Amino acid sequence: MAVSITSAIFRKDGKEQELKVVEVDLKSYQSTYKNNLFCTTPDCNAKLAFVFRTAKPSYFRTWKKENHTEECLFHFERIAARLGVSAEQTISVVLSSERKKNALKEAYRLAKMSDEEKEKQKNKTKKPNKKKPKTIGKKEVPAIKIVSTNEEEDVVEGEKVKRGPNILKRTADAFNVADIGKHRLLIGEIKDITFSEKSAFITTIWNRSEVLVKFEEVFFANSPEYNGLFHNIERYINEYQNVILTAIGEVRRNRESSGYELVVFSGDGFTIEDMSLQALAAHYSRKSLE
Ligand SMILES: [Zn+2]
C-alpha cells in the first residue's frame, strides 16, 4: 500500500486533461507532458514529475521544491520525501482528522467494554501511593482480543478518495504478520514510556503481548506542538493504572525484539484514556495552578 501519485492534470495552452500514469511513457513525457503536469486535488496545483520504472509501475512524484496545499492528500508525501522516508509511511493522512478522532474514540469504547469484566474484580481506582506496582498491565482475567475485520482496508491509489478508509483495530495481542506495512489502530495499556527531545517510545501491553509505539522525527515534523509534552504521560501512568492508549500508525517488525511496533505520524493519531496529549497536558497545567 503506497500513497504514490498515479494520476495528474495535464495543463497546457489553457486546456486541461486528467492523465493516468499508464497513459504516460518516457517519450511522451519528454516531448509533451514535462513541465505541464499538476496535482489532481482541487486548488492544489502542485507541479508533478513523471518517474519511469521498468520492473514496477511508474508513478508521478512531486516536482522538486513544489508543495501541496495542506488539505491535499499528498501533502505529507512531500514532508516524508524531504525526511527521506518512504511514502508508505504517510498513508494515514488519508484519514481526515475527524475520522481519526472517531476511530480512536470507538476503539477506546471497545477497550473499556472489555475492561468491564476485569473491573468487577478490581476497581479502577487512583493508586494509594504514586509508586508504580510491578504488576501493571498483568491481568488475572484475560482481556478480550479486539480484531476488526469488517471494514474496508485500502484506498484506491491515485483515485480521488471520496470516503476515507476505516482503519482496522487491533489490541496489542492481535497483531499478525499480515499487518506489517499497513496502518492499524492499536489498543493497549501503557506499560512504560521513554522520551527525549525528538522521540518518544511507549510500550503497550494487552494479554501479555507487547507492542512498542514510536513517535519519531516525522511525528514531530508533522506535529511540532507536541514537543515537550510526553512527560505528562509518564506522570499520568504513575498516578493511574490500566491507562489505555489508542494509536493509529504503521505496523513494523521491531528489529531488536522481533515483536511488532507501531509508528505514529501525527498528534491527532493517538489518545491517552480518550484524551489527546494536548488535553492531558492542559489538565496538568491547570492542576499546577490550583
Ligand atoms: Zn496536491
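A hairpin of four residues links strand 7 to strand 8. Strand 7 covers residues 183-195, and strand 8 covers residues 200-206. Helices (H or I, at least four residues) and strands (E, at least two) are DSSP runs, numbered from the N terminus. The model is predicted: local features need pLDDT of at least 70, side-chain atom pairs count only at pLDDT 80 or more, and totals for chains, interfaces and linings use all residues. Residues are numbered from 1 along each chain as its sequence is written.

Strands 7 and 8 pair antiparallel over six bridges; two strands count as paired if DSSP finds at least two bridges between them. F195 faces A200 of strand 8.

Strand 10 (residues 244-253) runs antiparallel to strand 7, and seven bridges join them. Here H183 has E250 of strand 10 as its bridge partner. Strand 6 (residues 168-171) pairs with strand 7 in the parallel sense, over four bridges. There T171 sits opposite I187 of strand 7. Strands of a sheet pair through backbone hydrogen bonds, in either sense.

How enclosed is strand 7 by the rest of the structure? Largely, because ten of its 13 residues are buried. A residue is buried if 20 or more other C-beta atoms lie within 10 Å of its own, exposed if 12 or fewer, and partly exposed in between; the C-beta atoms are placed from the backbone.

Now turn to helix 5, residues 231-239. Its buried residues include N232, I233, Y236 and I237. These four cover an arc of only 130° around the axis, so they lie on the same side of helix 5. The arc is taken from the directions from the helix axis to the C-beta atoms. An α-helix has 3.6 residues a turn, so residues three or four places apart point the same way.

A separate stop is an open sheet of three strands, in the order 2-1-3, with antiparallel pairing. Strand 2 (15-20) and strand 3 (37-38) are at the edges, each with a single partner strand, so one side of each has no neighbour in the sheet. Strand 1 (residues 7-12) is joined to strand 2 by six bridges. R11 stands across from E16 of strand 2.

Finally, the whole chain. The protein chain has six helices and twelve strands. Of its 290 residues, 34% count as buried. Among contacts with a separation of 6 or more, 61% are between residues 24 or more positions apart. Two residues are in contact if their C-beta atoms, placed from the backbone, lie within 7 Å.
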